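Work through these exercises with the structure open beside you. Try each task before you read its solution.

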Amino acid sequence: MSVTDAVTDPAALARTAEEPPLRVAVVVGSVREGRQGRAVADWFLAVAGADPGLDLDVVDLAEAELPLVLPGWGGTPPPGAVAALREVSPRLAAADAFVVVTPEYNHSFPASLKNLIDWHHREWQAKPVGFVSYGGLGGGLRAVEQLRLVFAELHAVSVRDSVSLHGPWSGLGEDGVPRDADVCTGAAKGMLGQLVWWGRVLRAARAERPYAG
């Protein structure tokens with residue numbers, strides 16, 4: 001049985017209905033003026049919100065003023081950084097899974113997103129990460145490929161399928177919904193199916209045996 005079959009099988013659905021909701025942190029990675037990231041995230045949240053088994057938390061980096069200067073190895077963050085992290089870090093730690101919404105800037109992902117990632121370590125470990133990307137002809141795929149390498153270093157598991165929106169300035173309507181809604185929604189549901197499978201499996205594994213990576 002494939003991952004997609006597992007999440008649509010009646011017996012599997014009955015089993016997961018008895019489990020607590022899967023806590024998914026949706027990270028909006030762009031802080032750029034005039035960004036499309038929040039519209040893309042809102043569209044994705046509308047798709048994901050149809051699943052009652054998901055507890056969605058939006059971590060918008062435009063609202064998180066994380067400093068760029070990290071403390072020395074083993075050092076203590078300055079008070080301003082502690083205050084900013086107090087708003088973000090517990091939400092990442094509480095998440096069972098992540099979805100990263102990212103544009104592609106110059107063949108890669110935004111510095112704001114890398115900064116969030118680098119301020120944390122254990123929060124990512126032994127948890128799955130899915131991606132919703134956007135931008136130009138490549139649809140942000142090169143940003144996603146680089147993010148997979150970064151999250152692998154942090155012992156996170158990136159799911160195979162991703163959602164790629166090409167040319168959002170023309171591919172999204174004024175309401176933030178992709179004009180090719182059926183295809184994009186199908187891709188989002190496919191990615192979520194994999195994310196939920198991995199999220200529940202890894203949550204159970206962490207509860208039984210804490211990850212020691």
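This is a predicted model.

**Exercise 1. A residue in a helix**

Task: Find the helix that holds Trp198. Then decide whether Trp198 is buried, partly exposed or exposed.

Solution: 
- Step 1. Trp198 sits in helix H8, which covers residues 181-208.
- Step 2. Its relative accessible area is 32%.
- Step 3. Look at the surface around it. Trp197, Trp198 and Val201 make up a nonpolar patch there.

**Exercise 2. Salt bridges across the chain**

Task: State how many salt bridges the structure holds. Then explain what the pair Arg200 and Glu19 ties together.

Solution: 
- Step 1. The structure holds 13 salt bridges.
- Step 2. Arg200 and Glu19 form one of them, with their closest N and O atoms 3.2 Å apart.
- Step 3. Arg200 belongs to helix H8, while Glu19 is in the loop between helix H2 (10-17) and strand S1 (22-28), so the pair ties together parts that are 181 residues apart in sequence.
- Step 4. Check the surroundings. Arg200 is buried, at 11% relative accessible area. Glu19 is partly exposed, at 31%.
- Step 5. Widen the view. Glu19 and Arg200 belong to a network of salt bridges that also links Arg23, Asp96, Arg203 and Arg206.

**Exercise 3. Two pairs on one strand**

Task: Which residues form salt bridges with Asp60 and with Asp57? Say where each partner lies.

Solution: 
- Step 1. Asp60 pairs with Arg38, the closest N and O atoms being 3.2 Å apart.
- Step 2. Asp60 is in strand S2 (residues 54-60) and Arg38 in helix H3 (residues 37-48), so this bridge ties together parts 22 residues apart in sequence.
- Step 3. Asp60 is buried, with a relative accessible area of 4%. Arg38 is partly exposed, at 27%.
- Step 4. Asp57 meets Arg91 in a salt bridge of 2.9 Å, N to O.
- Step 5. Asp57 is in strand S2 and Arg91 in helix H4 (residues 79-94), so this pair ties together parts 34 residues apart in sequence.
- Step 6. Arg91 is partly exposed, with 32%. Asp57 is partly exposed too, with 24%.

**Exercise 4. Positive phi**

Task: Give the phi values of His107 and His155, and locate both residues.

Solution: 
- Step 1. His107 has a phi near 75 degrees, a positive value in a residue other than glycine.
- Step 2. His107 lies in the loop between strand S3 (97-103) and helix H5 (111-118). It is partly exposed, at 48% relative accessibility.
- Step 3. His155 has a phi of about 65 degrees, also positive, and is not a glycine.
- Step 4. The loop between helix H6 (141-153) and strand S5 (157-158) holds His155. It is partly exposed, at 31%.

**Exercise 5. A pocket**

Task: What is the volume of the second largest pocket, and how does its lining divide?

Solution: 
- Step 1. The volume is about 340 Å³.
- Step 2. The second largest pocket is lined by 13 residues. Leu70, Pro71, Trp73, Asp118 and Trp119 lie nearest its centre.
- Step 3. The lining divides into seven nonpolar, five polar and one charged.

Notes: Residues numbered from 1 in each chain as written. Predicted model: local features only at pLDDT ≥ 70, side-chain atom pairs only at ≥ 80, totals over all residues. Heavy atoms only, no water. Patch = residues over 30% accessible without salt bridge, like charges linked within 9 Å, V, L, I, M, F, W, Y side chains within 5 Å. Areas by Shrake-Rupley, 256 points an atom, 1.4 Å probe, with all protein chains shown as cover. Salt bridge = Lys/Arg side-chain N within 4 Å of Asp/Glu carboxyl O. Helix = DSSP H or I, 4+ residues; strand = E, 2+ residues; numbered from the N terminus. Buried < 20%, exposed > 50% of the residue type's maximum accessible area, 1.4 Å probe, protein only. 1 Å grid on protein atoms, 1.4 Å probe; cavity = no way out; pocket = protein on both sides within 12 Å on 5 of 7 lines; lining within 4 Å. Points joined across faces, edges and corners; volume = space filled by probe spheres on them. Nonpolar A, V, L, I, M, F, W, Y, C, P; charged D, E, K, R; others polar.
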